[in-house]
Amino acid sequence: MDALNPGGWWWRFPSRRRPHRFRPTRCGSQDSPGGGGGGDSAGTFSRFPLKQAGTAAFLALTGDTIAQVRHRWMSVHHHEGFVSSLLSDHDWVRALRMASYGFLLYGPGSHAWYQFLDHQLPAMTFQNISLKVLLNQVVLGPCVVAVIFAWNYIWLGKLSRLPNKYQKDALPTLLYGFRFWVPVSVLNFWYLTCFIPWPKHGFDE
């Protein structure tokens with residue numbers, strides 16, 4: 001990820017300078033939060049996106065918890081006392097590992113990615129929204145799959161098995177994710193931007 005900033009990480013901690021707030025624009029307008037002369041764009045990229053990192057950590061923790069509970073429910077729901085077993089034997093190390101991935105990697109990384117898309121495709125036109133959705137799937141999607149597999153295998157001490165994991169599960173995981181992320185991307189880039197009167201993604205820091 002150092003490639004995003006020649007100096008290393010793409011963020012620094014917030015300064016005391018008052019944050020720039022973008023005004024919402026109508027769909028189809030040539031003006032947008034990512035457009036203009038980019039006078040504040042350098043500052044936007046350089047500040048650590050604490051809100052986005054925290055949100056990503058919470059969502060990763062919640063998603064992993066749901067996945068673990070669902071797996072146990074599918075395994076023991078026909079046994080007596082399965083309700084209590086749903087809450088037992090929770091793998092908190094795995095859950096915290098996923099939360100750390102969200103906070104340290106996915107939150108800041110996706111924040112930089114969406115800022116880049118808004119800067120490069122500022123006009124809220126059908127063509128730009130479609131291109132953002134497409135890029136989200138063919139660029140961000142594979143990056144997320146690659147990084148999350150590597151993150152888990154590094155912490156598990158199974159890095160030597162990572163190439164086989166990619167070969168076996170990367171493409172099925174990516175294709176399965178399309179069913180969720182394509183509609184979510186459309187909602188994010190179109191509906192939230194056009195009809196919710198605050199900057200897309202709620203990024204003010």
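Since the model is predicted, local features need pLDDT of at least 70 and side-chain atom pairs count only at pLDDT 80 or more, while totals for chains, interfaces and linings use all residues. Residues are numbered from 1 along each chain as its sequence is written, and side-chain values use heavy atoms, with hydrogens and water left out.

The fold itself is quick to describe. The protein chain has six helices and zero strands, so to read the elements from the N terminus is to read α-α-α-α-α-α, given that helices (H or I, at least four residues) and strands (E, at least two) are DSSP runs numbered from the N terminus. Of the 205 residues, 37% are buried; here buried means under 20% relative accessible area, exposed means over 50%, and partly exposed is in between (1.4 Å probe, protein chains only). The accessible surface of the chain is about 13,200 Å², and carbon and sulfur atoms hold 66% of that. These areas come from the Shrake-Rupley method with a 1.4 Å probe, and for residues only the protein chains shown count as cover.

Helix α5 (residues 126-156) gets a closer look. With 31 residues, α5 reaches 44 Å from its first C-alpha to its last, close to the 45 Å expected at 1.5 Å a residue; the expected span is 1.5 Å times one less than the number of residues. Even so, α5 bends by about 35 degrees at Leu 140, and a proline, Pro 142, follows within four residues. The bend at a residue is the angle between axes fitted to the seven residues ending there and the seven starting there. After α5 comes Gly 157, with a positive phi near 70 degrees.

Gln 137, in α5, is buried at 9% relative accessibility. Leaving aside residues up to four places away in sequence, Gln 137 touches Pro 142, Leu 174, Phe 178, Trp 181, Val 182 and Ser 185. Gly 141, also a residue of α5, counts as buried too, at 17% relative accessibility. With the sequence neighbours up to four places away again set aside, Gly 141 touches Asn 136 and Leu 174. The C-alpha atoms of Gly 141 and Trp 181 are 8.7 Å apart, although 40 residues separate the two along the chain.

Together with Val 186, Leu 187, Trp 190 and Tyr 191, Val 182 makes a nonpolar surface patch of about 420 Å². Patches are made of residues with over 30% relative accessible area and no salt bridge, like charges being joined within 9 Å and nonpolar side chains (Val, Leu, Ile, Met, Phe, Trp, Tyr) within 5 Å. Leu 187, from this patch, sits in helix α6 (residues 162-195) and is partly exposed, with a relative accessible area of 44%.

Salt bridges come next. Taking a salt bridge as a side-chain nitrogen of Lys or Arg within 4 Å of a carboxyl oxygen of Asp or Glu, the count is three. In one of them, the side chains of Asp 64 and Arg 94 meet at 2.5 Å, N to O. This pair links distant parts of the chain, with Asp 64 in helix α2 (residues 50-76) and Arg 94 in helix α4 (residues 92-120), 30 residues apart. Asp 64 is buried at a relative accessible area of 7%, whereas Arg 94 is partly exposed at 31%.

Asp 118 and Lys 132 form another salt bridge, their closest N and O atoms being 3.0 Å apart. Asp 118 lies in α4 and Lys 132 in α5, so the pair ties together parts that are 14 residues apart in sequence. Both Asp 118 and Lys 132 are buried. The salt bridge of Asp 169 with Lys 165 has its closest N and O atoms 2.8 Å apart. Asp 169 and Lys 165 are separated by about one helical turn because they are four residues apart in helix α6. Asp 169 is partly exposed at 22% relative accessibility, and Lys 165 is partly exposed with a relative accessible area of 22%.

Terms used. Contact = heavy atoms within 4.5 Å.
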